[in-house]
Amino acid sequence: MPNHELKFGFNSILYQINPGAFNPVDSSNYQEKTFEGEKALESAIYLGDTYDITPKISVSGGLRYSLYNYLGKKTVFSYLQNEPLSAETIIDSTVYPNFKTIKSYSGLDIRFSLRYLINDYNSIKLGYSHNNQYIFMLTNTISISPTDRWKLCDPFSKPIVGEQYNLGYYRNLDKNKYDVSFEIYYKENKNVSDYKNGADLVQNQYIERDILSGNGRNYGFEFMIKKNTGKLTGWLNYFYSKSEFRFKGNTDEETINQGNYYPSNYDKPHNINIVANYRNLRRVSISANFVYSTGRPYTGATYLYSLDNHDIVNYSERNQLRVPDYFRLDLSLNIDGNLFRKKIAHSFWTVTVYNLTGRKNAYSVFTQVKDGSIKTYMVSIYSVPVFSISYNFKLGNYFSN
Amino acid sequence: MNVYCINMRRIIKLTVIIVSIILIFQSCIYEFTPKTGDLGNLLVIYGIITNENGPHEITILKTKRINSKVNEPVKGANVSIFDDKGNTVPLTEDSVGKYHTPETFAGQIGAKYKLNIELQEGKKYESDFVELLDVPDISELEAEKIIKPATGTSPGSSGYQFYVSTKLGNSEQIYYKWDVFEEWEYRLPYKISAYWDGTVLAQIDPLIPYQCYMHNQFNDIYISNTKNFQTNYITHYPLNFTPGSSKFQYMYGIYVRQYALSEFSYNYWYSAMENNQPDPLYSKIPYQLIGNIKCISNPNETVFGIFEASAVKSKGITAYLTELEDPIFPCGYTIALSGVRPQDLMNQFPGWVGEYGPQLILVHEKECVFCKYNGGGTGIRPDYFEENGLKNGK
C-alpha cells in the first residue's frame, strides 16, 4: 500500500525462572532450602502500520494481543478472602503438574505516535501507549548485596498495565550543526509490586505473602542539545524523572507509608549526562563522559529512643532518605595508527581513566547502632580512579567501520 | 625459550591480572551522614496502666537529634487518662517529662482506657482505647546452669539460663510480655557500728547495712504467644542468660513481671524486636514503627510510642555459684584501732568505726561504708531472696 509500512507477526516466549537455593557453608546451623521455580508462556499476535499521511504528517500505530499462561509444576495455596496473605490465612493448597495452566491473563497493547514536520528544522511528536507486562523485577534498597529477583505474574500478582503519554519538540540549528530536543512524558501503572514491611528478601519460598499490589506513576521531561560537527562534538542532556509507588490496602499490613505516594527504588529526579569528543589532530582524540544523578532512595534507621527501658531503633518511612548523589567523570585518550589507505588492519590505543575524581559513589547502604548512636555506611565499588590501556584493531583502514 | 622463562611469564601475567582485578574491583565501606532534612523531631510517648496501685507513669519525649539517643523530655503537658465509663484521671508532672497518676489509682480488669495529652503549644494527642486484660499467674521460674557455646562474636561462658512458664490462660490471654529484672547481692568489707566526728563517738543503730543489693532491668524484649497452641499456656520460655560473674557470689536473682498484651501491642513489640536486630544479611525490609497514639490537631504528624494496659503477675527466683566466692578486700584508707573508746580515737580524723574480720578499724571514705556510694546499690534485700535459691544449678 502506498505510504504505508505494514508489519505483522506472531511471537511466543517461554519464561522459566529459577530462584535458586539457600545453601549453608561448612557447619552453619542454617537449613538448606531449594525453592520452586516458575514457568509461563506468553504468546502474542501483532499488527503495526506506519503511514505518511502527507510529507509533513506521519502516524504510526500498532496493536498487540497477548495471551499469558502461568504454568505448573507448582504448589499454589488458597487464602481467606479479604485477609492479608499469610501462613495463618491458608485454607487449601493445590499441586499443579508440569505445564498445567494455573492462571491465564490476556490483554491488548496499543501504541500510537504522530510526527508533524513544521518545516525542515522543526518537528513535533506525540505518542500514546497502553501495554501489559507479565514479568517484573522485585528490588529493594536495604540489603548490602543484590537480592533482586524476577517474578512472573501468578494468581496473586496481576499483569502490570501501563498507560503512557509523551510529547516532544525537535529542532535543528545552524544547518544541522546542532540538534535540540525537549520531551515530556507521563505514565501510570496498575498492579505494580513492592515488598511489605518486614518482608523476607532472601529465604522466601512463598513470595506472594510478602508483596503488595498497588499503583505507580512516572513523569518527567528531558532536554538535550547535540553538536554534530567541528573539532568538538558531543551532547548534553538533562532529564527530570520521578517514579513513585502507592500501596493503600485494607489493613496496616497491606499499606505502605500511610497509603501516600512515595519514591520507588528507581526514583532519581535529576540527571545530567555530558559526552564530549575533541579531535584536533586526525589521529588523536580526547573524550570525556560526565554522569550525574540524584542519589537513589532508601529506608534507613533514623531514631533511637527508650520505651519502658527497652532501646528502640526506629526507621524512616519507606524510601524517605537518599544516598549521596552519584557523579562520575571518565576521560579517555585515543591514538590511531597510521592513515595508510591500503592496509589489512588498522590499530589504535585507548588510555582511559574511569572515575577520574575518585568519587565514592554508593553501591549499597546499611545502618548499625554503635555506642548509642546510629551509624550509616555505604559500600562503594570503584571508589578510586581506575586506569586502563587497551590496544584495539579492526580489519581495513582508518576509515573502515 | 626455555621452560623456566615460559613459567615465569605465566606467573607474572597471572599476578598482573589478579592485582588488576583486586584494584579494579576493590570496594570500601565508608560512613556518611544522610540528608535528613525531611525528618522532624518527633514525639515519643510511652505508658502502661496496670491493676496495681500507682503511681503509673507516662513519659513524653521529643527526639532531639536524628541518629542519637539524646531525647528531650517534654514538660508542661496536660496529661489525663479516660476510661470507658467516663471517668478521668489527671496526671501530674513529678519530674520533667514524666507524668504520674495518683498513688491510689489502680486500673480495673476489663475496663478500657485512653490517653489524652495536650502540649503547651496547644497540640493534642490521643491514644486508642486499650482494654486492661487479666493475666494468668506465673507457674514457674526456672534457672538452669549451662555452658553457652562460643559464637562468632562472643566467647563461650558458663552461667544460668532462666525460663518462665505460665499457668493456663483463658481464650483472651494469648499474647504475653515479660519485664525481667536482675538483682544481686554484694558486700562491703566493714560492719560499721559507730561514727567518730572528731570529738564524739556515736553508736549507729540500726547498723549500716554492709549487704548491698543492685537492681537492673534487662533491655531485651521478651514476648511470646499461644496463638497456634492447643492449650493456652506457655512452658519453658527462655528469658535471659546471665554468665557467671561476681554477681553470683552471694545471691543472684531475677524478678519477672508478666503482662497480657493485645494483638496490636504484641505486633508492636515484635516489630520493635525485628527492627532492633537486623539479621547479618540485612535481608528483611525494615519499617517505621507506629503505635496507637495519634495527633488529633495534625493527623499527618507521626507519633512514636504506645499506650498499654494490663494486669500484672510477678515472681522471683534466686541462684548462686559457690565457686565464685572471693575474699572481701579492704576498701579505702583505714586505721587499725586498739579499742573503741573516745580516747582511742583522739587525734583521728572523722570517720566510721567498724569490724574488718577480727580487727577494729576506722575508715574515712563513704564509698566503703554506704551501698549507694559503692555501685549505687541499696541495703534493701529483695523479698524473694529466701533460701529457695539454687546452689550451683540444678
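Tutor: This is a predicted model. In it, chain B is divided into domain 1 (43-131) and domain 2 (138-323). Their C-alpha centres lie 23 Å apart.

Student: How do you know which residues form the contact between domain 1 and domain 2 of chain B?

Tutor: Two residues are in contact if their C-beta atoms lie within 7 Å. The contact takes 22 residues from domain 1 of chain B and 17 residues from domain 2 of chain B. On the domain 1 side, β2(B) gives the largest share, eight residues. That side divides into 11 nonpolar, five polar and six charged residues.

Student: How many residues of chain B are in contact with chain A?

Tutor: 43 residues of chain B are in contact with 50 residues of chain A. Elements that each supply at least two residues of the chain B side include α1 (3-25) and β22 (303-310). The chain B side has 22 nonpolar, 15 polar and six charged residues.

Student: What makes a set of residues a nonpolar core?

Tutor: The members must be buried nonpolar residues, joined through C-beta atoms within 7 Å. The largest nonpolar core has 77 residues. Among those touching the most other members are A:Y305, B:I45 and B:A260. Strand β20 (residues 252-261) of chain B gives the largest share, seven residues.

Student: Why is this core said to lie between domain 1 and domain 2 of chain B?

Tutor: Both domains give residues to this core, so it lies between them.

Student: Which residues belong to the second, separate core?

Tutor: That core has 16 residues, including B:I192, B:W196, B:C212 and B:L362.

Conventions:
Residues numbered from 1 in each chain as written. Chains lettered and ligands numbered in written order. Predicted model: local features only at pLDDT ≥ 70, side-chain atom pairs only at ≥ 80, totals over all residues. Domains from an automatic or database assignment. Helix = DSSP H or I, 4+ residues; strand = E, 2+ residues; numbered from the N terminus. Nonpolar A, V, L, I, M, F, W, Y, C, P; charged D, E, K, R; others polar. Buried ≥ 20, exposed ≤ 12 C-beta atoms within 10 Å, placed from the backbone.
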